[in-house]
Amino acid sequence: MPAMRESRSENPRSEGAGDPVRFAAAHAYAASKAGEAKAGESDFGVAGRLRLIDRKLLFRAIAVSGLLHLAVSVAGYIPSLRHVRPTPAPRQTAITLVNLPAPGRATFKRVAQQQEVKEVEAPPPPKPKPPALEKPKVAEKLTPIEVKPKEKPPTAQEAKEKTQTRPAPEDAAKEKPKTGGEQESNLVTNLPALGDATHSIALQAEGPIHEFAYYLSQIQRKIASNWAPPENFGGRRVAASVRFRIERNGEVTAPRIDEPSFDSIFDQAALRAVAESAPLPPLPAEYADEWLGITLEFVLRP
Amino acid sequence: MLSSARFVRSLVALVAVLILSAVGARAQQEARMGIVKGTAFKFSLEVQDFHYLETMRTPLEGGESCEELLRRDLQQSDFFEVRRELAFIPDPADSSNMPKPVEYLATGIVRKKWGEVVLEGELLDAASGKVMFRQEYSLGSPPDRRAVHAYADDIVRHVTGEAGVALSRIAFVGVIGKAKEVFLVDYDGFGLSQLTKLGSICLSPRFSADGERLAFTSFAQGEADLVTLALSDGRMTPLSSRPGIDSAPAWHPDGSQVAASLTFEGNAEIYVMDDHGKKAQRLTFSPAIETAPCFSPDGSRIVFTSDRTGEPHLWVMDSDGANSQRLSYLGKWSDSADWSPRGDRIVFVALVDDGFDIFTMAPDGSDRRRATANDGSWENPRWAPDGRHIVAAKRERGGQRRLFVMTADGGGKRALTSFSGDQYNPAWSSSRKLREATR
């Protein structure tokens, strides 16, 4: 509705003046709009933007601090990466859960885009040598989702660009043999696990949903609030994955156990959590596809 | 030697890792909410004061402004913790003073569009500034509360996926002089209208699942008969005029059948018939009284009241009458069961202490919870279409019965009606069809 948008721009709402919350929102909103306009001309979000600035200067300065930061943070995460069962230390939980499920699981291979997936899962296990550089590639996949709220405003734009035109020539093209026109629906977004020391639910979405992090977090929360797993597994870790589709109107279709646990009651509880949460909120109006694929991993730790 | 591509990549990685740690911290915050079933949480939402462009700030019926009504609707939806705009600028250095950021922002603009007053609503995700939806509601002049209700329901739907109840309506029996007639009122007590003018006695109205039809018991022809009333045109059609007492109608969820308590074969038994009252099929066979049936939302089971063990209590059976079993063992009398549209709870009243109180339980009779206590005697609890609210009649000390709306746990009680004379026998409609009222 272009007409609507025009009128919108003159109205007081877009001024964004007032309290900080409102201001922040208006700011991010403006950024996302700008991103829309530009999307398509740039390639891979962050990298694309950087090329606009003088690279050399930046690289020197940032790379040094970047590598330092990396080394520190990765050092923190590596131990938890190696263990199958994460320590319930508060800070690490979420990170671990994001990274862990991907590598070992057949699930995401079936997700219909091997190339993407390879990038997600390949790096950590086979090449233990340069973890500082390889591991974050996993993170790369995960970034778009939280980029907007936490980082500087332009990132909203970057996230957008990322979804529009896939990989940056100098970056991803090198990694994988390009297969011409890649479908937007091949995009995968991971959301950090929602949960506590014993229960958690991690979410993986397939579809151009990067910009709508809020949506994923909505459905994750709703399903979590409907999850009532059996509790007693004799100190063993239990995990099951459920896959389903969300249609435009929020309807849940084709829910099924994707990766069963060793306990069918646990599996059924996971399926029921999804069933009881239907209908989910309608897909965001600006979401490009007709449906969104979701994989949820339900984990119960002793 | 690292190529520049590598630099770029490591930079991306750096950003990613930093963000992930931030995300981790956030996820950790959310973890405190607990994620296992039963731990309720509310979404935080701010409704900003609306902007009025070239229009008067005309209050709605009842004196509220549009934004005040929207806040109330959302608060009463039981999904939100609603906030106004912040009254102060928080000091970032003083964390104790820092308010928790809201998750959603609802804004509104009231303005004239082609001579008509419209409300433009917009819901934003506060963190990203993404527009979740944008919708125009015809507000009219004088402004129509239902336009604001429609906006509230859309917000509920876009945040939770559930249908809101702000546009829903409640039918009930009201006493006027000697007559008991069926009335209809908005869920917030406004928009009262009288549906029947039979000058007789009407009882126990029940909405069909689509909210289009009401079935109720009428004594207009001398004895208790069943009647259906189409809400679109107010036309009444006889449903069952069998000899004896035809009472307590309850719709099958697909609208094709009605269960009721009929006595034409001697003793009050439960029957199902089609929606024209034909093909009555008997479901219960006992010398006791069976009445007050209600279908489960999937239509497979019926909960009802029977005194076959001596005292009236709740029983449940398959919708063909098989597998009947007792559900409640509470107090001397349990009655008036209503199966939640979500299927997960049954609400009913039981005579404990010196009056009837409202309880809910799982459909297998387990997990019983009490919703009212020491607050008059309660009758006819009925679920809202969202399965989160209940409307029921309370008999107060003076003897007058009035309707109250509350959440399923008995919280947030508010009086629905306040005119003189008894009001009781409520029924809560779905609101989907009513959306058309505001385009």
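Predicted model: local features only at pLDDT ≥ 70, side-chain atom pairs only at ≥ 80, totals over all residues.
Modeller: Residues are numbered from 1 along each chain as its sequence is written, chains are lettered from A and ligands numbered from 1 in the order in which they are written, and side-chain values use heavy atoms, with hydrogens and water left out.

Colleague: Why is A:Leu296 called buried?

Modeller: Buried means under 20% relative accessible area, exposed over 50%, and partly exposed in between (1.4 Å probe, protein chains only). A:Leu296 has a relative accessible area of 0%, and is therefore buried. This residue is found in strand β5 (residues 291-300) of chain A; strands (E, at least two residues) and helices (H or I, at least four) are DSSP runs, numbered from the N terminus.

Colleague: Which residues are in contact with A:Leu296, leaving aside its neighbours within four places in sequence?

Modeller: Contact means heavy atoms within 4.5 Å. By that criterion the partners of A:Leu296 include A:Ile201, A:Leu203, A:Ile223, A:Val242, A:Phe244 and A:Val274. The C-alpha atoms of A:Leu296 and A:Phe244 are separated by 8.7 Å, although the two residues are 52 residues apart along the chain.

Colleague: What makes B:Asp78 count as buried?

Modeller: Its relative accessibility is 19%, so B:Asp78 falls under the 20% limit and counts as buried. B:Asp78 lies in the loop between α2 (66-76) and β3 (80-83) of chain B, and just after α2(B) takes a positive phi of about 75°. The helix α2(B) is itself mostly covered, with eight of its 11 residues buried.

Colleague: What joins the side chains of B:Asp78 and B:Lys42?

Modeller: They are joined by a polar contact of 3.3 Å. The term denotes a pair of N or O atoms within 3.5 Å; within protein, one must be able to donate a hydrogen and the other to accept it, and residues adjacent in sequence count only if both atoms are side-chain atoms. Beyond four places in sequence, B:Asp78 is also in contact with B:Arg388, B:His389 and B:Thr407.

Colleague: Why is B:Ser286 described as buried?

Modeller: Its relative accessible area is 13%, which is under 20%, so B:Ser286 is buried. The side chains of B:Ser286 and B:Glu290 are joined by a polar contact of 2.8 Å. B:Ser286 is found in the loop between β17 (281-282) and β18 of chain B.

Colleague: How do you know that β1(B) and β3(B) pair?

Modeller: Two strands pair if DSSP finds at least two bridges between them. β1(B) and β3(B) have four bridges, in the parallel sense, and therefore pair. In this pairing B:Glu46 stands opposite B:Arg83 in β3(B). β1(B) also pairs in the parallel sense with strand β4 (residues 104-113) of chain B, over three bridges.

Colleague: What makes both faces of β1(B) covered?

Modeller: B:Phe43, B:Leu45 and B:Val47 on one side and B:Ser44 and B:Glu46 on the other are all buried. In a regular strand the side chains alternate between the two faces of the sheet.

Colleague: Why are β18 and β21 of chain B called edge strands?

Modeller: The order of the open, antiparallel sheet is β18-β19-β20-β21 (chain B). Each of β18 (290-295) and β21 (325-326) pairs on one side only. Two bridges join β20 (residues 313-318) to β21(B), and B:Val316 has B:Gln325 as its bridge partner in β21(B).
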